[in-house]
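Morning, everyone. I have one structure to go through today, and I will keep to side-chain packing. Please have a look at it first.

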Amino acid sequence: MRSSIATATLPGQPKKIPAAPLRLCFVGCGSRARAYAEVVASRPQLLEAVAIADPLASQRADVRSLLGDTGVREFQTGEELLAAGRLGDVAVITTQDKFHYRQAMLALRAGYDLLLEKPAACTSAEVHDLVRLANELGRRIVLCFVLRYTPFYRAVKRVLDSGRLGKLVSIQATEGVEPWHFGHSFVRGNWSVREKSTPMIVQKCSHDTDILSWLAGSECTAVSSFAGNQWFRPENAPAGATARCTDPCPHAADSSCPFPAQRYLTDKKQPWLPQVMPGWANASDDEILDWLRKGDWGRCVYTCGHDTPDHQVVSLQFASGVTAQLLMTAFDRGRRIRIHGTEAILQGSLHADGEIHRLELRLHHGGEAEQIEVEDPSANGYAGHGGGDFGLVDSLHELISAPGPFDNSHFMAGHLIAFAADAAFHTGRVIVPAELLQSSVF
Ligand SMILES: NC(=O)c1ccc[n+]([C@@H]2O[C@H](COP(=O)([O-])OP(=O)(O)OC[C@H]3O[C@@H](n4cnc5c(N)ncnc54)[C@H](O)[C@@H]3O)[C@@H](O)[C@H]2O)c1
């Protein structure tokens with residue numbers, strides 16, 4: 001019996017009950033698929049999983065167990081699933097970044113609408129291609145920019161749209177990745193080498209560039225960016241550190257290094273180990289240690305040879321005259337935003353300072369700061385990504401089935417800005433996002 005894999009029973013009812021649930025085919029059964037499967041299982045009137053694909057049997061077993069449905073068809077790969085005819089309505093593509101473009105193109109041609117993980121593809125030209133093909137075929141792509149579905153960012157947008165800030169002038173945003181998370185995902189992990197995945201600012205911060213573009217409500221016309229890797233470098237390793245924490249490293253046992261991989265057995269087991277170790281739930285401590293001895297997550301964070309910056313600043317100019325700044329740093333926790341209007345400032349944070357969220361409005365010309373109420377995402381029984389995972393999947397049926405035209409370009413702007421930030425950092429130039437569509441590199 002798996003201890004933490006169980007059929008979800010999330011409280012709350014969907015807003016509208018449709019005549020039939022949407023039939024979903026999961027392409028990839030990893031960490032994101034499990035998060036979505038949990039919500040799917042709690043929404044049987046809206047969503048039904050009919051097929052799953054993953055080369056790893058243990059990954060398929062975990063998703064099957066969360067779905068609580070033995071009738072789901074299984075495939076070894078997404079490609080096999082997508083070649084088997086149109087088995088459902090929506091292909092849920094949650095493989096790693098490098099797979100998205102090819103599998104999404106296959107799925108669109110096979111007749112599926114898509115729930116597609118971010119980033120949609122590895123270059124802006126590929127993202128554009130996906131939008132073009134979906135439009136040509138009359139299919140819909142819902143992109144997993146889950147932050148738009150959080151109660152926090154919905155409240156931010158509501159206040160902005162209400163006009164209470166006056167005319168929008170500028171936005172400042174910070175994405176604090178947090179040191180352990182940064183080491184886990186961007187130094188040791190899946191997104192540590194640009195060539196094998198996507199650039200850090202695209203992979204992690206396309207969420208933020210999407211939010212900035214959504215809030216600015218205007219085309220981004222210029223982007224500049226600077227970045228660097230300050231800390232996770234060989235010269236910052238404690239003296240005598242070994243290549244693997246399990247070698248054994250003298251600093252794994254004492255408290256001189258905060259990053260020993262042995263923490264995956266103790267205080268960092270959750271939520272980190274399930275994200276990266278297939279079959280973790282049934283693994284003994286010895287098996288986990290053995291996995292650390294051989295695999296990427298047992299390596300010393302100072303000598304992994306990653307090429308991701310641990311801090312990056314991005315400056316944006318919008319056609320409306322609004323400007324924005326984004327700071328990504330490994331050395332803060334949670335997202336923060338300050339929106340400057342001619343009448344007031346709206347400022348808040350999500351998963352920062354030990355709170356789920358906080359949002360307040362301050363008038364420039366008098367009056368007390370006003371705390372803006374934000375719905376508690378855990379009221380739905382599900383707080384993943386500030387409630388965004390739940391909000392997105394709960395809205396999926398409506399997004400896919402709503403009559404009328406569908407805007408497949410809703411995710412272009414956020415991607416283009418993020419690729420432009422990467423291009424600006426690498427070339428040292430100011431980049432016009434729309435011009436990137438001519439580039440095969442960014
Ligand atoms: N929306 C968000 O907030 C958010 C958060 C984290 C990650 N992501 C993105 O979600 C995606 C998945 O991330 P993850 O952490 O779940 O990855 P993961 O590595 O846990 O899962 C990917 C799965 O795909 C499987 N796979 C490999 N080749 C396959 C194939 N040909 N067909 C089918 N399955 C195959 C792997 O075995 C693995 O189980 C990534 O692109 C990541 O950038 C998005």
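Let me start with a question: over the face of which ring does Arg188 lie? The answer is Trp180, with Arg188 at 5.9 Å from the ring centre. Before going on, note that this is a predicted model. There is another such arrangement, in which Lys157 lies over the face of Trp214, and there the figure is 5.6 Å from the ring centre.

Trp180 also takes us to the aromatic residues. It belongs to a cluster linked by ring pairs, together with Phe182, Phe186, Trp191, Trp231, Phe232, Phe259, Tyr264, Tyr302 and Phe331. Over the whole structure, the search finds 12 aromatic pairs.

Take Phe182 and Phe186. Their rings are 5.7 Å apart, centre to centre, with 35 degrees between the planes, and the pair is classed as tilted. Where do the two sit in sequence? Both are in helix α7, residues 179-187, and because they are 4 residues apart there, about one helical turn separates them. Phe182 is buried, at a relative accessible area of 0%. Phe186 is buried as well, at 1% relative accessibility.

Now Phe232 and Phe331. Here the ring centres are 6.0 Å apart and the planes are at 10 degrees, so this pair is stacked. What does the pair tie together? Phe232 is in the loop between β8 (220-228) and α10 (250-253), while Phe331 is in the loop between β10 (323-329) and β11 (333-341), so the pair joins parts 99 residues apart in sequence. As for burial, Phe232 is buried, with a relative accessibility of 2%. Phe331 is partly exposed, at 42% relative accessible area.

On to the nonpolar cores. The largest has 108 residues, and the members touching the most others are Leu114 and Ile339. Which element supplies the largest share of this core? That is helix α14, residues 412-427, with 9 residues. Apart from this core lies another, of 29 residues, including Tyr36, Leu115, Tyr149 and Leu392.

Back to Leu114 for a moment. What does Leu114 touch, if we leave out residues up to four places away in sequence? The contacts are Val90, Ala91, Ile93, Ala104, Ala107, Leu108, Arg140, Ile141, Val142 and Ile400.

To recap the two ring pairs: Phe182 with Phe186 is tilted, and Phe232 with Phe331 is stacked. That is what I have.

Definitions and conventions. Residues are numbered from 1 along each chain as its sequence is written. This is a predicted model: local features need pLDDT of at least 70, side-chain atom pairs count only at pLDDT 80 or more; totals for chains, interfaces and linings use all residues. Side-chain values use heavy atoms; hydrogens and water are left out. A nonpolar core is a set of buried Ala, Val, Leu, Ile, Met, Phe, Trp, Tyr and Cys residues joined through side-chain atoms within 4.5 Å. Buried means under 20% relative accessible area, exposed over 50%, partly exposed in between (1.4 Å probe, protein chains only). Helices (H or I, at least four residues) and strands (E, at least two) are DSSP runs, numbered from the N terminus. Contact means heavy atoms within 4.5 Å. Rings of Phe, Tyr and Trp (its six-membered ring) pair if their centres lie within 6.5 Å; planes under 30 degrees apart count as stacked, over 60 as edge-to-face and the rest as tilted. A charge sits over a ring if NZ of Lys or CZ of Arg is within 6 Å of the ring centre and within 35 degrees of the ring normal.
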